Amino acid sequence: MLWSCWFMVTFIADGMLGRIAKFLRLAGYDTLFAGENLKDKEVIKVAFKDERILLTKDKKLYLEAIKNGVDAFLVSEKGFFSSIAEIAVNYGLNLNFKPDTSRCPKCNHPVRKTEPWEVKGRVPEKTFLKQKVYWVCDNCGQIYWLGSHWINIKKEEKEIQKRIERLKSQRRINH
Ligand SMILES: [Zn+2]
């Protein structure tokens, strides 16, 4: 993977990596989620057709993907934070959450910044009185704002950064 092309990296995450797929979308990375019901063969087909990197913890699926000419990454770290950090280190991803460049965590469509008039009546009254900036997904209609969820995302982002630094220093020791 060329570092100069980092912004073009796109992913497809297998059915076990839903939380990772959502976070990658929040960080602005085009990431499909294969879902629990999609068969391995279909996942590989989509990855190949769209030239997406397949993210998986399933060694069988990983090997099958490689055999079929798909760029795949076998996540070996355990737990959400270490796993996503491992992916970030491997592909040089910037996982700082910036809502203006985010994709909808629900459906992967880019979100669009908007003003309160557009969401009037579509968000709780209390929220509407407090929040002056919103982001909408034009695909699924979901509306986002910087509420308590935002604080959680920033906390997660910090934890991921910690693991990224840890992984990087481990790799420096090992090489
Ligand atoms: Zn959406």
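1. Before you start. This is a predicted model, in which local features need pLDDT of at least 70, side-chain atom pairs count only at pLDDT 80 or more, and totals for chains, interfaces and linings use all residues. Residues are numbered from 1 along each chain as its sequence is written. Helices (H or I, at least four residues) and strands (E, at least two) are DSSP runs, numbered from the N terminus.

2. H1 and what covers it. Have a look at helix H1, where Ile-20, Ala-21, Phe-23, Leu-24, Arg-25 and Leu-26 are buried. "Buried" is a count: 20 or more other C-beta atoms lie within 10 Å of the residue's own, while 12 or fewer makes it exposed and anything in between partly exposed, with C-beta atoms placed from the backbone. The cover over the buried residues of H1 includes E1, strand E2 (31-33), E3, H4 and H7. Lys-22 also sits in H1, but it counts as partly exposed, because it has 19 C-beta neighbours inside 10 Å. After H1 comes Gly-28, with a positive phi near 100 degrees.

3. H1 against H4. The axes of H1 (residues 18-26) and H4 (residues 80-91) come within 10 Å and cross at roughly 55 degrees. An axis here is a line fitted to C-alpha atoms, for helices over the stretch in contact, and angles run from 0 to 180 degrees between N-to-C directions. H1 and H4 are therefore oblique to each other. As for the word, angles under 35 degrees count as roughly parallel, over 145 as roughly antiparallel, 65 to 115 as roughly perpendicular and the rest as oblique. Arg-19, Ile-20 and Phe-23 of H1 make the contact with Phe-80, Ser-83 and Ile-84 of H4. Contact means that the C-beta atoms of two residues, placed from the backbone, lie within 7 Å. Sorted by class, the contact of H1 with H4 has 4 nonpolar, 1 polar and 1 charged residues. In this sorting, Ala, Val, Leu, Ile, Met, Phe, Trp, Tyr, Cys and Pro are nonpolar, Asp, Glu, Lys and Arg are charged, and the others, Gly among them, are polar.

4. H4 against H7. H4 has another partner: its axis and that of H7 come within 8 Å, crossing at roughly 60 degrees. H4 and H7 are therefore oblique to each other, and the crossing is right-handed. On the H4 side the residues are Phe-81, Ser-82, Ile-84, Ala-85, Glu-86, Ala-88 and Val-89, and they meet Glu-159, Ile-160, Arg-163, Ile-164, Leu-167 and Lys-168 in H7. By class, that contact of H4 with H7 has 8 nonpolar, 1 polar and 4 charged residues.

5. H2 against H3. These two pack at an angle of about 45 degrees, with axes 10 Å apart. H2 and H3 are therefore oblique to each other, and their crossing is right-handed. Asp-40, Val-43, Ile-44 and Ala-47 of H2 touch Leu-61, Glu-64 and Ala-65 of H3.

6. The cores. Which residues touch the most other members of the largest nonpolar core? They are Ala-13, Ile-20, Leu-54 and Leu-55, out of 31 residues in that core. A nonpolar core is a set of buried Ala, Val, Leu, Ile, Met, Phe, Trp, Tyr and Cys residues joined through C-beta atoms within 7 Å. Elements giving two or more residues to this core include strand E1 (11-13), strand E3 (53-56) and helix H7 (148-174). H1 gives the most to this core, with 5 residues. Apart from this core lies another, of 5 residues, among them Cys-104, Val-111, Tyr-134 and Cys-137.

7. Two residues worth a click. Glu-51 has a positive phi of about 55 degrees although it is not a glycine. Glu-51 is in the loop between H2 and E3 and counts as exposed, because it has 10 C-beta neighbours inside 10 Å. Asn-108, also not a glycine, has a positive phi near 80 degrees. Asn-108 lies in the loop between H4 and strand E5 (111-114), and is buried, with 21 other C-beta atoms within 10 Å.

Methods. A crossing is left-handed if the near helix is turned anticlockwise from the far one by less than a right angle, and right-handed if clockwise.
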